[in-house]
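Here is a short report on ring contacts and pockets. Look over the model first.

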Amino acid sequence: MERRHFAVGLGAAVLSIGGCATSPFLSVDRLVAQAVRDGKMPGAILVIGHRNIVVHRSVTGYRALAPEKEKLTLDTVFDMASLTKPLITALCVMQLVEEGKLSLDTKISALLPDFAANGKDDITLRLLLTHYSGLPPDLPLSQPWHGRDDALRLACTSSLVTRPGSKFIYSDINFIVLGMVVEIVSGNDLQDQARHRILSPLSMSHSGFLPTPRDRRIIAPTQYQPDGTILRGIVHDPSARRMGGVAGHAGLFAREDDLVRYVTALIARRSGQASSFPLSRAGVMLMTTPQQPTGKHDLRGLGWDIDTHYSSLRGAGFPLGSFGHTGFTGPSLWIAPESGSFVLILTNRVHPNGGTSLVSLRKSVSTEVARILATG
(Lines give C-alpha, C1' and ligand atoms only; values in the text may rest on other atoms or scores of the structure.)
Protein backbone atom coordinates (compact mmCIF):
# COMPACT_ATOMS: atom_id res chain seq x y z
CA MET A 1 0.00 0.00 0.00
CA GLU A 2 1.33 3.39 -0.92
CA ARG A 3 1.13 6.20 1.61
CA ARG A 4 -0.20 8.62 -1.02
CA HIS A 5 -3.26 6.46 -1.52
CA PHE A 6 -4.70 7.12 1.90
CA ALA A 7 -6.76 9.88 3.45
CA VAL A 8 -7.78 9.53 7.06
CA GLY A 9 -11.50 9.55 7.79
CA LEU A 10 -12.69 11.57 10.78
CA GLY A 11 -15.57 10.84 13.11
CA ALA A 12 -17.90 8.34 11.49
CA ALA A 13 -16.42 8.93 8.06
CA VAL A 14 -14.31 6.28 6.40
CA LEU A 15 -11.11 6.21 4.46
CA SER A 16 -11.04 7.43 0.86
CA ILE A 17 -8.69 5.85 -1.65
CA GLY A 18 -7.66 7.58 -4.83
CA GLY A 19 -10.61 9.95 -4.66
CA CYS A 20 -13.11 7.08 -4.50
CA ALA A 21 -15.78 7.23 -1.81
CA THR A 22 -15.43 3.53 -0.99
CA SER A 23 -13.06 2.08 1.57
CA PRO A 24 -11.12 -1.20 1.47
CA PHE A 25 -11.99 -1.57 5.14
CA LEU A 26 -15.78 -1.59 4.75
CA SER A 27 -15.79 -5.31 5.55
CA VAL A 28 -14.05 -4.56 8.86
CA ASP A 29 -16.55 -1.82 9.69
CA ARG A 30 -19.34 -4.30 8.99
CA LEU A 31 -17.89 -6.73 11.53
CA VAL A 32 -17.87 -3.99 14.16
CA ALA A 33 -21.36 -2.76 13.24
CA GLN A 34 -22.75 -6.29 13.44
CA ALA A 35 -21.26 -6.73 16.91
CA VAL A 36 -22.98 -3.51 18.00
CA ARG A 37 -26.29 -4.68 16.53
CA ASP A 38 -25.87 -8.01 18.30
CA GLY A 39 -25.47 -6.22 21.64
CA LYS A 40 -21.88 -7.30 22.21
CA MET A 41 -20.90 -3.69 22.93
CA PRO A 42 -22.60 -0.27 22.86
CA GLY A 43 -20.24 1.08 20.20
CA ALA A 44 -16.62 1.17 19.13
CA ILE A 45 -13.89 3.36 17.74
CA LEU A 46 -11.71 1.44 15.30
CA VAL A 47 -8.30 2.73 14.20
CA ILE A 48 -6.12 0.90 11.68
CA GLY A 49 -2.52 1.83 10.99
CA HIS A 50 -0.10 0.74 8.28
CA ARG A 51 3.46 1.90 7.65
CA ASN A 52 2.94 3.80 10.90
CA ILE A 53 0.20 6.13 9.66
CA VAL A 54 -3.52 5.91 10.29
CA VAL A 55 -5.16 4.47 7.19
CA HIS A 56 -8.66 4.03 8.57
CA ARG A 57 -10.71 5.35 11.44
CA SER A 58 -14.39 4.74 12.13
CA VAL A 59 -16.88 5.36 14.92
CA THR A 60 -19.89 3.08 15.37
CA GLY A 61 -22.76 3.03 17.85
CA TYR A 62 -23.14 4.61 21.25
CA ARG A 63 -20.98 5.87 24.08
CA ALA A 64 -23.76 5.16 26.58
CA LEU A 65 -26.97 3.15 26.57
CA ALA A 66 -28.01 4.00 30.13
CA PRO A 67 -29.34 5.89 31.91
CA GLU A 68 -29.94 7.40 28.45
CA LYS A 69 -28.43 6.90 25.02
CA GLU A 70 -25.45 8.99 23.89
CA LYS A 71 -23.89 8.71 20.46
CA LEU A 72 -20.25 7.66 20.45
CA THR A 73 -17.90 10.45 19.36
CA LEU A 74 -14.22 10.43 18.51
CA ASP A 75 -13.32 12.50 21.58
CA THR A 76 -14.67 9.83 23.96
CA VAL A 77 -12.32 8.76 26.76
CA PHE A 78 -12.24 5.08 27.73
CA ASP A 79 -11.30 3.09 30.82
CA MET A 80 -8.28 1.16 29.52
CA ALA A 81 -8.29 -1.45 32.29
CA SER A 82 -5.33 -3.84 31.87
CA LEU A 83 -3.84 -1.91 28.98
CA THR A 84 -2.51 0.19 31.86
CA LYS A 85 0.02 -2.60 32.42
CA PRO A 86 2.10 -2.27 29.22
CA LEU A 87 1.25 1.32 28.33
CA ILE A 88 2.18 2.83 31.69
CA THR A 89 3.54 0.56 34.40
CA ALA A 90 5.92 -1.60 32.36
CA LEU A 91 7.25 1.50 30.59
CA CYS A 92 7.81 3.29 33.92
CA VAL A 93 9.77 0.25 35.14
CA MET A 94 11.88 0.15 31.98
CA GLN A 95 12.70 3.84 32.27
CA LEU A 96 14.07 3.18 35.76
CA VAL A 97 16.05 0.22 34.40
CA GLU A 98 17.60 2.45 31.73
CA GLU A 99 18.50 5.01 34.38
CA GLY A 100 20.38 2.31 36.29
CA LYS A 101 18.02 2.48 39.26
CA LEU A 102 16.71 -1.04 38.71
CA SER A 103 17.73 -4.24 36.95
CA LEU A 104 15.39 -6.75 35.39
CA ASP A 105 16.99 -9.27 37.75
CA THR A 106 16.35 -7.12 40.83
CA LYS A 107 14.58 -9.20 43.47
CA ILE A 108 11.37 -7.62 44.72
CA SER A 109 12.29 -8.64 48.26
CA ALA A 110 15.32 -6.32 48.05
CA LEU A 111 12.90 -3.41 47.73
CA LEU A 112 10.01 -4.82 49.75
CA PRO A 113 11.43 -7.20 52.40
CA ASP A 114 7.94 -8.36 53.46
CA PHE A 115 7.39 -9.67 49.92
CA ALA A 116 9.74 -12.60 50.63
CA ALA A 117 6.99 -14.32 52.65
CA ASN A 118 5.68 -17.71 51.49
CA GLY A 119 8.53 -18.54 49.15
CA LYS A 120 8.57 -15.32 47.11
CA ASP A 121 12.10 -14.18 47.99
CA ASP A 122 13.57 -14.96 44.54
CA ILE A 123 10.87 -13.32 42.38
CA THR A 124 12.43 -10.70 40.11
CA LEU A 125 11.15 -7.75 38.11
CA ARG A 126 11.41 -9.84 34.94
CA LEU A 127 9.17 -12.56 36.38
CA LEU A 128 6.53 -10.00 37.35
CA LEU A 129 6.70 -8.25 33.96
CA THR A 130 6.25 -11.54 32.06
CA HIS A 131 3.64 -13.04 34.44
CA TYR A 132 5.91 -15.94 35.39
CA SER A 133 6.02 -15.08 39.10
CA GLY A 134 3.74 -17.91 40.18
CA LEU A 135 1.41 -15.49 41.98
CA PRO A 136 -2.38 -15.97 41.81
CA PRO A 137 -4.44 -13.89 39.37
CA ASP A 138 -6.01 -11.42 41.82
CA LEU A 139 -6.02 -10.01 45.29
CA PRO A 140 -8.87 -11.53 47.32
CA LEU A 141 -12.00 -9.42 46.96
CA SER A 142 -14.00 -11.46 49.45
CA GLN A 143 -12.06 -9.76 52.24
CA PRO A 144 -13.08 -6.21 53.30
CA TRP A 145 -9.75 -4.58 52.53
CA HIS A 146 -9.39 -1.00 51.38
CA GLY A 147 -6.51 1.26 50.44
CA ARG A 148 -3.03 0.94 49.05
CA ASP A 149 -1.46 -0.24 52.29
CA ASP A 150 -3.90 -3.14 52.49
CA ALA A 151 -3.26 -4.00 48.84
CA LEU A 152 0.48 -4.08 49.43
CA ARG A 153 0.07 -6.17 52.57
CA LEU A 154 -2.06 -8.72 50.73
CA ALA A 155 0.40 -8.87 47.84
CA CYS A 156 3.33 -9.37 50.20
CA THR A 157 1.63 -12.12 52.19
CA SER A 158 0.16 -13.87 49.15
CA SER A 159 1.01 -17.50 48.67
CA LEU A 160 2.20 -18.89 45.33
CA VAL A 161 0.13 -20.93 42.91
CA THR A 162 3.23 -22.47 41.36
CA ARG A 163 7.01 -22.22 41.57
CA PRO A 164 8.36 -18.88 40.25
CA GLY A 165 9.53 -19.17 36.65
CA SER A 166 7.73 -22.43 35.99
CA LYS A 167 4.42 -21.36 34.43
CA PHE A 168 2.69 -18.38 32.82
CA ILE A 169 -0.16 -17.20 35.06
CA TYR A 170 -1.61 -13.81 34.18
CA SER A 171 -1.82 -11.90 37.45
CA ASP A 172 -2.94 -8.42 38.44
CA ILE A 173 -0.88 -8.82 41.59
CA ASN A 174 2.29 -8.75 39.48
CA PHE A 175 1.53 -5.26 38.25
CA ILE A 176 0.12 -3.99 41.53
CA VAL A 177 3.55 -4.78 42.98
CA LEU A 178 5.34 -3.24 39.98
CA GLY A 179 3.36 -0.04 40.46
CA MET A 180 4.53 0.06 44.07
CA VAL A 181 8.12 -0.55 42.94
CA VAL A 182 7.92 2.42 40.57
CA GLU A 183 6.80 4.63 43.44
CA ILE A 184 9.49 3.38 45.84
CA VAL A 185 12.35 3.79 43.38
CA SER A 186 11.25 7.00 41.64
CA GLY A 187 10.03 8.78 44.77
CA ASN A 188 6.83 9.79 42.93
CA ASP A 189 3.38 8.29 42.97
CA LEU A 190 2.53 6.32 39.86
CA GLN A 191 0.11 8.97 38.60
CA ASP A 192 2.74 11.73 38.70
CA GLN A 193 5.47 9.49 37.29
CA ALA A 194 3.23 8.55 34.36
CA ARG A 195 2.24 12.15 33.73
CA HIS A 196 5.76 13.57 33.78
CA ARG A 197 7.66 10.71 32.13
CA ILE A 198 5.15 9.31 29.59
CA LEU A 199 1.98 11.31 29.02
CA SER A 200 3.54 14.79 28.82
CA PRO A 201 6.48 13.81 26.57
CA LEU A 202 3.99 12.19 24.17
CA SER A 203 1.51 15.11 24.37
CA MET A 204 -1.20 12.76 25.64
CA SER A 205 -3.14 15.63 27.15
CA HIS A 206 -6.50 13.86 27.37
CA SER A 207 -5.27 10.71 29.11
CA GLY A 208 -4.32 9.83 32.66
CA PHE A 209 -5.49 8.52 36.00
CA LEU A 210 -8.33 9.95 38.10
CA PRO A 211 -10.35 12.02 35.61
CA THR A 212 -11.96 15.10 37.11
CA PRO A 213 -15.75 15.28 37.46
CA ARG A 214 -15.96 17.92 34.69
CA ASP A 215 -14.33 15.44 32.28
CA ARG A 216 -16.85 12.69 32.91
CA ARG A 217 -19.35 13.79 30.29
CA ILE A 218 -17.05 12.54 27.51
CA ILE A 219 -15.99 9.36 29.35
CA ALA A 220 -17.63 6.11 28.27
CA PRO A 221 -19.48 4.72 31.29
CA THR A 222 -18.92 1.12 32.30
CA GLN A 223 -21.06 -0.96 34.62
CA TYR A 224 -23.98 -0.57 36.98
CA GLN A 225 -23.06 -1.21 40.60
CA PRO A 226 -25.19 -3.02 43.21
CA ASP A 227 -26.33 0.32 44.65
CA GLY A 228 -27.79 1.34 41.28
CA THR A 229 -25.08 3.84 40.36
CA ILE A 230 -23.09 3.51 37.17
CA LEU A 231 -19.32 3.90 36.96
CA ARG A 232 -18.29 6.87 34.84
CA GLY A 233 -14.81 8.28 35.19
CA ILE A 234 -14.25 5.90 38.10
CA VAL A 235 -12.08 2.88 37.36
CA HIS A 236 -14.03 -0.31 36.69
CA ASP A 237 -11.48 -2.73 38.15
CA PRO A 238 -12.51 -3.43 41.76
CA SER A 239 -8.99 -3.76 43.17
CA ALA A 240 -7.87 -0.52 41.52
CA ARG A 241 -11.03 1.15 42.83
CA ARG A 242 -10.26 -0.01 46.37
CA MET A 243 -6.75 1.40 45.92
CA GLY A 244 -8.11 4.86 45.10
CA GLY A 245 -8.07 4.64 41.31
CA VAL A 246 -4.31 4.58 40.74
CA ALA A 247 -2.71 1.15 40.42
CA GLY A 248 -0.11 -0.61 38.34
CA HIS A 249 -2.59 -3.02 36.79
CA ALA A 250 -5.51 -0.71 35.94
CA GLY A 251 -6.69 2.89 36.21
CA LEU A 252 -5.59 4.59 32.99
CA PHE A 253 -8.25 6.51 31.04
CA ALA A 254 -7.28 7.39 27.47
CA ARG A 255 -8.51 8.96 24.24
CA GLU A 256 -8.03 7.68 20.70
CA ASP A 257 -5.74 10.43 19.44
CA ASP A 258 -3.46 10.10 22.46
CA LEU A 259 -3.19 6.35 21.96
CA VAL A 260 -2.32 6.82 18.29
CA ARG A 261 0.49 9.19 19.36
CA TYR A 262 1.76 6.53 21.76
CA VAL A 263 1.61 3.67 19.26
CA THR A 264 3.16 5.53 16.33
CA ALA A 265 5.95 6.86 18.55
CA LEU A 266 6.62 3.33 19.85
CA ILE A 267 6.77 1.88 16.33
CA ALA A 268 9.02 4.70 15.13
CA ARG A 269 11.41 4.25 18.07
CA ARG A 270 11.51 0.48 17.55
CA SER A 271 12.41 0.93 13.87
CA GLY A 272 15.15 3.45 14.63
CA GLN A 273 13.32 6.50 13.30
CA ALA A 274 13.03 9.89 15.00
CA SER A 275 10.53 9.56 17.83
CA SER A 276 9.35 11.17 21.04
CA PHE A 277 8.84 7.78 22.69
CA PRO A 278 10.40 8.05 26.16
CA LEU A 279 12.58 4.95 26.02
CA SER A 280 15.58 3.87 23.96
CA ARG A 281 15.30 1.59 20.96
CA ALA A 282 17.04 -1.17 22.91
CA GLY A 283 14.53 -0.78 25.72
CA VAL A 284 11.59 -0.96 23.34
CA MET A 285 13.05 -4.10 21.76
CA LEU A 286 13.32 -5.71 25.19
CA MET A 287 9.72 -4.83 25.98
CA THR A 288 8.33 -6.19 22.72
CA THR A 289 10.32 -9.40 22.21
CA PRO A 290 10.09 -12.66 24.21
CA GLN A 291 11.52 -12.32 27.72
CA GLN A 292 9.93 -15.30 29.47
CA PRO A 293 12.13 -17.89 31.25
CA THR A 294 14.24 -20.13 29.01
CA GLY A 295 12.37 -23.07 27.56
CA LYS A 296 8.88 -21.75 28.23
CA HIS A 297 6.46 -21.69 25.32
CA ASP A 298 4.05 -18.95 26.44
CA LEU A 299 5.77 -15.94 24.90
CA ARG A 300 5.63 -12.65 26.77
CA GLY A 301 7.49 -9.38 26.40
CA LEU A 302 7.92 -6.99 29.30
CA GLY A 303 4.28 -6.06 29.78
CA TRP A 304 3.22 -7.07 26.25
CA ASP A 305 1.58 -10.30 25.13
CA ILE A 306 3.24 -12.05 22.17
CA ASP A 307 2.00 -15.64 21.94
CA THR A 308 -0.17 -17.06 24.71
CA HIS A 309 -3.81 -18.12 24.98
CA TYR A 310 -4.56 -14.39 25.24
CA SER A 311 -3.12 -13.73 21.76
CA SER A 312 -6.22 -14.55 19.70
CA LEU A 313 -6.59 -10.84 18.89
CA ARG A 314 -3.53 -11.26 16.63
CA GLY A 315 -5.89 -12.99 14.20
CA ALA A 316 -4.80 -15.30 11.43
CA GLY A 317 -2.77 -12.82 9.40
CA PHE A 318 -0.42 -10.83 11.60
CA PRO A 319 2.93 -12.56 12.13
CA LEU A 320 4.35 -14.17 15.21
CA GLY A 321 6.54 -11.49 16.71
CA SER A 322 3.77 -8.93 16.70
CA PHE A 323 2.44 -8.00 20.12
CA GLY A 324 -0.48 -6.44 21.97
CA HIS A 325 -2.80 -6.46 24.95
CA THR A 326 -6.45 -6.22 25.92
CA GLY A 327 -8.41 -4.59 28.73
CA PHE A 328 -11.31 -6.22 30.57
CA THR A 329 -13.59 -3.26 29.88
CA GLY A 330 -13.22 -3.82 26.13
CA PRO A 331 -10.26 -1.97 24.56
CA SER A 332 -7.61 -3.88 22.63
CA LEU A 333 -4.44 -3.10 20.74
CA TRP A 334 -2.34 -5.28 18.42
CA ILE A 335 0.87 -4.05 16.78
CA ALA A 336 2.85 -5.61 13.92
CA PRO A 337 6.03 -3.50 14.07
CA GLU A 338 7.78 -4.73 10.94
CA SER A 339 5.00 -3.39 8.69
CA GLY A 340 4.12 -0.53 11.03
CA SER A 341 0.60 -1.93 11.28
CA PHE A 342 -1.74 -1.72 14.25
CA VAL A 343 -5.37 -2.37 15.13
CA LEU A 344 -6.86 -0.35 17.98
CA ILE A 345 -10.40 -1.02 19.19
CA LEU A 346 -11.85 1.23 21.88
CA THR A 347 -15.10 0.17 23.46
CA ASN A 348 -16.86 -0.17 26.81
CA ARG A 349 -18.20 -3.70 26.34
CA VAL A 350 -19.11 -4.09 30.05
CA HIS A 351 -21.71 -1.31 29.75
CA PRO A 352 -24.27 -1.35 31.23
CA ASN A 353 -24.60 -4.77 32.88
CA GLY A 354 -21.37 -6.70 32.40
CA GLY A 355 -21.31 -7.40 28.67
CA THR A 356 -20.17 -10.40 26.67
CA SER A 357 -16.86 -11.64 25.28
CA LEU A 358 -15.18 -9.85 22.37
CA VAL A 359 -12.60 -12.58 21.73
CA SER A 360 -14.19 -13.69 18.45
CA LEU A 361 -14.71 -10.13 17.19
CA ARG A 362 -11.13 -9.06 17.89
CA LYS A 363 -9.79 -12.13 16.10
CA SER A 364 -12.07 -11.58 13.10
CA VAL A 365 -11.18 -7.89 12.85
CA SER A 366 -7.43 -8.51 12.96
CA THR A 367 -7.68 -11.35 10.46
CA GLU A 368 -9.60 -9.18 8.01
CA VAL A 369 -7.35 -6.16 8.50
CA ALA A 370 -4.23 -8.25 7.87
CA ARG A 371 -5.80 -9.73 4.74
CA ILE A 372 -6.65 -6.28 3.36
CA LEU A 373 -3.24 -4.82 4.14
CA ALA A 374 -1.50 -7.79 2.53
CA THR A 375 -3.46 -7.41 -0.72
CA GLY A 376 -3.54 -3.61 -0.89
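K71 lies over the face of Y62, at 5.0 Å from the ring centre. The charged end of R349 likewise sits over the ring of F328, 4.6 Å from its centre. (A charge sits over a ring if NZ of Lys or CZ of Arg is within 6 Å of the ring centre and within 35 degrees of the ring normal.)

This is a predicted model: local features need pLDDT of at least 70, side-chain atom pairs count only at pLDDT 80 or more, and totals for chains, interfaces and linings use all residues. Residues are numbered from 1 along each chain as its sequence is written, and side-chain values use heavy atoms, with hydrogens and water left out.

Rings of Phe, Tyr and Trp (its six-membered ring) pair if their centres lie within 6.5 Å; planes under 30 degrees apart count as stacked, over 60 as edge-to-face and the rest as tilted. The count comes to 5 aromatic pairs, including these two:

| Pair | Centre to centre | Angle between planes | Type |
|---|---|---|---|
| Y132 and F168 | 6.0 Å | 50 degrees | tilted |
| Y170 and Y310 | 5.3 Å | 50 degrees | tilted |

Y132, F168, Y170 and Y310 form one aromatic cluster. Y132 counts as buried because its relative accessibility is 1%. Y170 is buried at 17%, whereas Y310 is partly exposed at 38%. (Buried means under 20% relative accessible area, exposed over 50%, partly exposed in between, with a 1.4 Å probe and protein chains only.)

Which residues lie nearest the centre of the largest pocket? They are Y170, Y310, T326, G327 and F328, among 29 lining residues. (A pocket is an open set of points on a 1 Å grid over the protein atoms alone, where a 1.4 Å probe fits, with protein on both sides within 12 Å along at least five of seven lines; lining residues have an atom within 4 Å of a point.)
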